[in-house]
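Come along and check each entry with me.

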Protein chains: 2
Amino acid sequence: MAVTIKDVAREARVSVASVSRALNGHSNVTDETRRRILRVAKELRYMPHGAARSLITRRTQTIGALLPDLHGEFFSELIRGVDLAARTRGLHLLVSSSHGDANEAAAALRAMLGRVDGMLVMSPHVDASFLRDNLPAGLPIVLLNTPITGQRYAALNIDNFGGAYAMVRHLVGRGHRRIALIAGPENNFDAAERLRGYRSAMEKFAPKALAQVLRGDFTEESGYRAGQQLLELRQRPQAVFAANDIMAAGCLNALKEAGVRVPQDIALAGFDDIPIAHFVTPPLTTVRVRIADLGARALDRLVAVIDDETAVHNSIQMLDTELVVRQSCGT
Amino acid sequence: MAVTIKDVAREARVSVASVSRALNGHSNVTDETRRRILRVAKELRYMPHGAARSLITRRTQTIGALLPDLHGEFFSELIRGVDLAARTRGLHLLVSSSHGDANEAAAALRAMLGRVDGMLVMSPHVDASFLRDNLPAGLPIVLLNTPITGQRYAALNIDNFGGAYAMVRHLVGRGHRRIALIAGPENNFDAAERLRGYRSAMEKFAPKALAQVLRGDFTEESGYRAGQQLLELRQRPQAVFAANDIMAAGCLNALKEAGVRVPQDIALAGFDDIPIAHFVTPPLTTVRVRIADLGARALDRLVAVIDDETAVHNSIQMLDTELVVRQSCGT
DNA sequence: ATCACCCATGAAAACGCTTACATTCGACCG
DNA sequence: CGGTCGAATGTAAGCGTTTTCATGGGTGAT
């Protein structure tokens with residue numbers, strides 16, 4: 001069907017070995033034969049079969065990324081970061097996202113086997129034994145934003161705790177004491193860490209104030225509802241800290257509808273610094289997570305693991321967050 | 001290194017053929033041997049090597065996606081749509097994005113060879129001869145949003161023309177005549193089509209009015225500058241139509257800063273319906289492009305091509321857009 | 001002129017899998 | 001009881017590469 005190295009060899013009247021050598025730029029080929037081979041290859045539009053090649057070289061120049069079904073912004077930024085870093089190294093990207101449960105994740109993982117040199121894994125369904133059961137022992141792995149305490153694997157986490165902590169400190173610095181949190185979904189690792197950061201900072205910086213947590217699920221809708229609930233409280237909080245920007249935006253709408261002014265009546269803060277944060281009115285004070293950076297660094301780290309399989313790579317690295325002050329908490 | 005089918009065969013005291021048969025659920029294996037094989041495979045944590053398998057089956061269960069360096073929103077939605085559709089068919093996704101020029105695109109294309117069953121190609125650098133030179137003749141392809149008049153390939157385009165046309169008609173229907181366009185980048189196909197739709201509709205619905213085009217490049221910054229330019233005109237337009245939402249948002253900021261009210265003083269419209277459109281104040285009237293749909297349909301179409309290689313698939317399909325009326329053009 | 005050596009080239013094995021074909025064995029039929 | 005058939009299993013080829021090793025011819029030194 002497609003033209004193979006054999007066709008080129010036949011046409012150029014040499015062995016396949018010589019074609020391979022010529023095409024891969026090995027030195028031990030006469031200039032004359034090399035030219036002939038290249039000419040024939042071009043004429044025939046020969047293109048090497050990647051899978052066949054990697055079968056024997058044991059390198060695929062591809063890395064796999066296993067991702068959960070992410071909210072758009074995060075997903076796109078992450079992939080972009082990974083892809084960018086991959087590209088500078090000549091690597092390609094096999095992605096598998098939106099898998100709902102552990103079985104799907106396992107299937108996706110196994111399907112990548114033999115097609116990738118290493119994997120970036122970010123999945124709520126993943127734990128150490130899951131990985132052990134579904135991946136060969138030697139496969140280089142970097143875990144992204146995972147609760148697994150990395151005994152065996154390299155991991156890269158967002159400093160959600162630190163970000164939330166810093167935000168609360170900032171709000172307290174602005175004079176707020178009654179600070180409510182609109183939390184993320186129950187079983188979400190990011191959400192849990194942000195909650196922990198909030199609690200810890202409240203204890204530290206506003207020990208007398210009551211920590212007040214409303215449940216949300218990272219959607220705009222849940223932020224909106226939380227905003228309405230806030231307004232019905234006997235004593236309204238002075239500031240609201242939403243565990244992500246989308247919920248902050250939803251909350252903002254609820255406040256606006258009720259005629260409550262932000263930041264004059266209530267301060268509002270978010271988390272993530274997605275583009276929307278900058279476009280709402282007033283622009284949102286938030287915690288920036290450099291997601292593309294996370295992706296890029298994860299890839300770099302994975303490459304390090306691939307390049308040096310002997311070393312142990314079991315540390316958890318943290319990715320800093322950054323406080324972005326805009327107008328939603330007062331100027 | 002990793003455990004192969006041979007290891008399983010040895011351990012289960014059968015031939016590799018039987019292992020293969022047992023694992024792939026062929027019928028001609030005794031229940032007893034099958035059980036033994038499965039047990040051993042599990043014990044050894046055997047996982048088949050994807051590349052080796054697809055080398056002989058000539059199926060990879062993977063489709064490739066070649067994308068330009070897209071603005072985040074579009075990229076993420078497209079991939080999501082493709083991935084979703086792929087997942088329901090048990091296919092995986094090999095993406096390669098952010099390639100800057102034709103050479104990079106060519107390299108990416110060739111690197112996918114032998115690793116995919118077909119490809120989704122969306123790239124400004126692609127034309128018919130490029131594809132001919134860089135892909136084997138038989139490879140199933142679907143072109144996305146391409147200027148190529150599809151003599152050889154299946155193609156799927158966004159109806160940018162129709163969307164822009166409809167928006168201008170809408171604006172005229174609201175009583176506006178002097179409608180300015182903030183256009184997209186010079187060499188961009190989407191931008192060109194939207195411009196064409198604008199021109200065509202202006203001629204049709206506001207023949208006496210002067211079509212007024214400001215250059216932009218799809219960035220917020222360029223929208224902002226265009227907004228400033230508009231304000232300096234002797235005669236201000238009654239409505240501004242930005243060729244994408246991000247520029248509309250930039251323009252909106254410029255107008256706000258100058259104290260010009262939207263929509264009372266000037267109406268403003270965008271294109272794409274990215275989430276931001278809904279969050280700015282006032283919310284943006286825009287043209288919705290169901291990007292995820294585009295991705296999903298492209299994948300479906302590609303699968304059709306793959307499943308029936310004999311048929312000719314050279315038609316261009318159009319993906320409808322949808323007018324979304326919010327408050328930025330008056331209520 | 002002989003020999004050793006080097007270098008270009010070819011033959012063939014290997015990568016891990018699937019599958020066409022060959023083989024074996026027991027059962028069944030005449 | 002011999003022959004035929006079918007089912008289970010094994011053997012080996014083949015997918016498209018790369019790479020090791022063998023081969024052979026030319027070159028320079030003796």
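**Entry 1: ground rules.** Before sorting residues, I noted the classes: Ala, Val, Leu, Ile, Met, Phe, Trp, Tyr, Cys and Pro count as nonpolar, Asp, Glu, Lys and Arg as charged, and the others, Gly among them, as polar. This is a predicted model, where local features need pLDDT of at least 70 and side-chain atom pairs count only at pLDDT 80 or more, while totals for chains, interfaces and linings use all residues. Residues are numbered from 1 along each chain as its sequence is written, and chains are lettered from A and ligands numbered from 1 in the order in which they are written.

**Entry 2: DNA strand D.** I looked up which residues are near this strand, meaning that the C-beta atom, placed from the backbone, lies within 6 Å of it. There are 25 residues around DNA strand D, and Ile5(A), Ala17(A), Ser20(A), His49(A) and Ala17(B) come nearest. By class, I found 13 nonpolar, ten polar and two charged residues on this surface.

Next I needed the elements: helices (H or I, at least four residues) and strands (E, at least two) are DSSP runs, numbered from the N terminus. Helix 2 and helix 4 of chain A, with helix 2 and helix 4 of chain B, each supply at least two residues of the surface near DNA strand D. Which helix gives the most to this surface? I found that helix 4 of chain A does, with five residues.

**Entry 3: DNA strand C.** I then turned to the other DNA strand. Of the 25 residues around DNA strand C, those that come nearest are Ala17(A), Thr4(B), Ile5(B), Ala17(B) and Ser20(B). Two or more residues each come from helix 2 (16-23) and helix 4 (50-57) of chain A and from helix 2 (16-23) and helix 4 of chain B. Here helix 4 of chain B gives the most, again with five residues. The surface near DNA strand C has 13 nonpolar, ten polar and two charged residues.

**Entry 4: where the chains meet.** I counted contacts, where two residues qualify if their C-beta atoms, placed from the backbone, lie within 7 Å. In this sense 40 residues of chain B are in contact with 40 residues of chain A. On the chain B side, helix 5 gives the largest share, nine residues. By class, that side has 21 nonpolar, 13 polar and six charged residues.

I also followed strand 2 across the two chains. Strands pair if DSSP finds at least two bridges between them. Three bridges join strand 2 (residues 92-96) of chain A to strand 2 of chain B, and the two run antiparallel. In this pairing Val95(A) stands opposite Leu93(B).

**Entry 5: comparing the copies.** I superposed the copies by least squares on the C-alpha atoms of residues with pLDDT of at least 70 in both. A rotation of 180° with 0.1 Å of shift along its axis puts chain B on chain A, at an RMSD of 0.2 Å. The two copies are thus related as by a two-fold rotation axis. I also found that 100% of the interface residues of chain B are interface residues in chain A too, so the copies meet through the same surface.

**Entry 6: the sheet in chain A.** Four strands form an open sheet in the order 7-6-8-9, with parallel pairing. Strand 7 (212-214) and strand 9 (267-269) of chain A stand at the edges with a single partner strand each, so one side of each is left without a neighbour in the sheet. Strand 8 (residues 239-242) of chain A pairs with strand 9 of chain A over three bridges, and Phe241(A) stands opposite Ala269(A).

Entry 7: Chain B has an open sheet of four strands in the order 7-6-8-9, with parallel pairing. Val240(B) stands opposite Leu268(B) in strand 9 of chain B.

For angles I used axes, which are lines fitted to C-alpha atoms (for helices over the stretch in contact), with angles running from 0 to 180 degrees between N-to-C directions. Helix 8 of chain B and helix 9 (residues 189-205) of chain B pack at about 40°, with their axes 7 Å apart. By class, their contact has nine nonpolar, five polar and five charged residues.
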